[in-house]
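User: Please take me through this model. I would like each term set against its cut-off.

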Amino acid sequence: MHELQGNGAPDGEGRAARDESGPQEESPKGRAFLANLVRELFQTEHSAKAHSLVEAERLGDVPPAHAMRAVSAHAEAVLSELPSLFAERGLPVSAGGSAVGHIFSALRDHLADHLLNAEKSYRGTLLGMRHGIDLVELIQYVATAEGDTHLAAWCARWLSARRPLVEAAAGELAWFAARPARATRAAKDSVVAHLLQGLVNGAELAAQRLRRLAALAG
């Protein structure tokens, strides 16, 4: 992990900002920042658990599904740890963050996934996983700055466990590359999904024809 470093730039009143490279005493602003990040972590881990499992169930017994299930299992274990980890610090044990995660999962399942093919849905889930890594890195930086060495160490353990799982899931993009017909199949196997996919593909073809006509006219 990279060390936190101050930039030595002047503050808003023209005074040199103090060096913040080392741990600082807990501050109200730092505490509020950490609380917001904690709420987001509940949401992100709920999404990692739910979306990864959905991807795995759609794909079936294939290597990308196995990689997704591994991430989902880790997220489920993490969600069981978070309430005690944050309650003992007086940080939010965020039912709200989990509720937002449920809402996003429902919206994706009922709306967005109707428009996605299999590989785009997989990459969307992978993007959420990478967001989670960035988030926990940031929580680690803030915990270090606030002097919470225990929370910083927890983040380091989370990163050492989750990073290899996400890297393994990313490596399975090669599976889609070798199976273009499967990759471009609708993510959800439903009449609505296939209809919407057809409409989207038709619109893309129409746009391509219009661009060709415009190029010829020009």
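Analyst: Helix 4 and helix 5 pack at an angle of about 160°, and their axes lie 9 Å apart. The model is a predicted one, in which local features need pLDDT of at least 70 and side-chain atom pairs pLDDT 80 or more, while totals for chains, interfaces and linings use all residues. Residues are numbered from 1 along each chain as its sequence is written, and side-chain values use heavy atoms, without hydrogens or water.

User: What makes helix 4 roughly antiparallel to helix 5?

Analyst: Their packing angle is about 160°. Angles over 145 degrees count as roughly antiparallel (under 35 is roughly parallel, 65 to 115 roughly perpendicular, the rest oblique), and therefore helix 4 is roughly antiparallel to helix 5. The angle, on a scale from 0 to 180 degrees, is taken between N-to-C directions, with axes fitted to C-alpha atoms over the stretch in contact. The helices themselves are DSSP runs (H or I, at least four residues), numbered from the N terminus. The crossing of helix 4 and helix 5 is left-handed, a term for a near helix turned anticlockwise from the far one by less than a right angle.

User: How do helix 1 and helix 2 pack?

Analyst: Helix 1 (residues 28–59) and helix 2 (residues 63–87) meet at about 155°, with axes 8 Å apart. That angle makes the two helices roughly antiparallel. Helix 1 also passes helix 2 in a left-handed crossing. The contact of helix 1 with helix 2 has 17 nonpolar, three polar and six charged residues.

User: Why is the pair of Glu 45 and Arg 162 called a salt bridge?

Analyst: The closest N and O atoms of Glu 45 and Arg 162 are 2.7 Å apart. The definition asks for a side-chain nitrogen of Lys or Arg within 4 Å of a carboxyl oxygen of Asp or Glu, so the pair qualifies. Glu 45 lies in helix 1 and Arg 162 in helix 5 (residues 149–171), 117 residues apart. Both Glu 45 and Arg 162 are buried. The whole structure has five salt bridges.

User: Which side chain meets Arg 89 in a salt bridge?

Analyst: Asp 148 does, at 2.7 Å from N to O. Asp 148 is in the loop between helix 4 (118–145) and helix 5, and Arg 89 is in the loop between helix 2 and helix 3 (95–110), 59 residues away. Asp 148 and Arg 89 are both buried.

User: Is Glu 119 buried or exposed?

Analyst: Glu 119 has 17% relative accessibility. Buried means under 20% relative accessible area (exposed is over 50%, partly exposed in between, with a 1.4 Å probe and protein chains only), so Glu 119 counts as buried. At 40%, Arg 123 is partly exposed. Glu 119 and Arg 123 sit four residues apart in helix 4, about one turn, and their side chains form a salt bridge at 2.7 Å.

User: How do you know that Thr 125 counts as buried?

Analyst: Its relative accessibility is 4%, so Thr 125 falls within the buried class. Thr 125 is in helix 4.

User: What makes the nonpolar core a core, and how many residues has the largest?

Analyst: A nonpolar core joins buried Ala, Val, Leu, Ile, Met, Phe, Trp, Tyr and Cys residues through side-chain atoms within 4.5 Å. The largest has 41 residues, and those with the most contacts inside it are Leu 41, Leu 82, Phe 86, Ile 139, Leu 151 and Trp 154. Helix 1, helix 2, helix 4, helix 5 and helix 6 (173–177) each supply at least two of its residues. Helix 4 gives the largest share, 10 residues.

How values were computed: Nonpolar A, V, L, I, M, F, W, Y, C, P; charged D, E, K, R; others polar.
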